[in-house]
Amino acid sequence: MTRSTTTTGTATATATRYDRRMYALMNRREAAALYATAARRRAVVGVHVLLTLASIAVWLLMVLDADALWPAFVLLALVLPWCVAAGAINAATRGLLELRGRMLDERQLAERDRVRALAHRITTGILLLAAAVMGAVTWFTDVRFEGLAFAALFSALVIHWVMPLWVAGLRAEDDEPDLYGDPVAE
């Protein structure tokens, strides 16, 4: 494996060919119009949230009703737009969550820590709320959730997995305008 020394911020790190390729990929600007403004980034994150929730629902339908074949085709149809939206969020954050730490400067490392901490707090709040609602419903009614435990745990796992991406996409800032005539920045 080829290694070279690069300087990111004030730290010197060894970058592999994979690191350099991912850095170049995450910093491509061809699709910058998708996420150039805060409103567009919010829209992309909203679309990604909806596609994620739809994918969870369809996958659970597929698992719970093994005889039906149509959910598999719907899930396949959701994968491509989900990947495009995830790629747009990653590009908007310039690979904040996807790049290895040695490819980020101190400011980016601090932002990644803030994003992960905020995502953890949001996910914890969602899980606390879900547990409280399920506990209250079980306590005050005759409804039992044994059959829904798998669906709830799977949904919580997926949301926990993608929450940092959503938070990073919502926290990303607009690029500085290019003084040398970049048409995306104008």
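Start with helices α3 (residues 70-92) and α5, which pack at an angle of about 50° with their axes 9 Å apart. They are therefore oblique to each other, the class left over once angles under 35 degrees are counted as roughly parallel, over 145 as roughly antiparallel and 65 to 115 as roughly perpendicular. Axes here are lines fitted to C-alpha atoms, for helices over the stretch in contact, and angles run from 0 to 180 degrees between N-to-C directions. Helices are DSSP runs (H or I, at least four residues), numbered from the N terminus.

The model is predicted: local features need pLDDT of at least 70, side-chain atom pairs count only at pLDDT 80 or more, and totals for chains, interfaces and linings use all residues. Residues are numbered from 1 along each chain as its sequence is written, and side-chain values use heavy atoms, with hydrogens and water left out.

Now select the side chains between these two helices. Trp82, Ala86, Ile89 and Asn90 of α3 meet Trp161, Val162, Leu165, Trp166 and Gly169 of α5, where contact means heavy atoms within 4.5 Å. The residues of this contact divide into seven nonpolar, two polar and no charged. Ala, Val, Leu, Ile, Met, Phe, Trp, Tyr, Cys and Pro count as nonpolar, Asp, Glu, Lys and Arg as charged, and the others, Gly among them, as polar. The crossing of α3 and α5 is left-handed, a term used if the near helix is turned anticlockwise from the far one by less than a right angle, with right-handed used if clockwise.

From α2 the contact includes Arg41, Val45, His48, Ile56 and Trp59, and from α5 it includes Phe150, Phe154, Val158 and Trp166. By class, the contact has 16 nonpolar, four polar and two charged residues.

Next, show α2 with α3. Their axes lie 9 Å apart and the packing angle is about 155°; the two helices are therefore roughly antiparallel to each other. This crossing is left-handed. Its contact has 21 nonpolar, three polar and one charged residues.

A cavity is a set of points, on a 1 Å grid over the protein atoms alone, where a 1.4 Å probe fits but cannot get out; a pocket is an open set with protein on both sides within 12 Å along at least five of seven lines, and lining residues have an atom within 4 Å of a point. Grid points are joined across faces, edges and corners, and a volume is the space filled by probe spheres set on the points.

The structure holds two cavities of 30 Å³ or more. For the largest, of about 40 Å³, select Arg29, Tyr35, Ala36, Arg41, Ala92, Glu173 and Asp175, which line it. This lining has three nonpolar, no polar and four charged residues.

The second largest cavity has a volume of about 30 Å³. Tyr35, Arg41, Val44, Val45, Ala88, Ile89, Ala92 and Gly169 form its lining, to which α2 and α3 are the elements that give two or more residues. The lining divides into six nonpolar, one polar and one charged residues.

Finish at the largest pocket, with a volume of about 550 Å³. Of the 22 residues that line this pocket, Ala92, Thr93, Arg94, Arg107 and Gln108 lie nearest its centre. Both α4 (106-140) and α5 supply at least two lining residues each, and the largest share, four residues, comes from α4. The pocket lining has eight nonpolar, four polar and ten charged residues.
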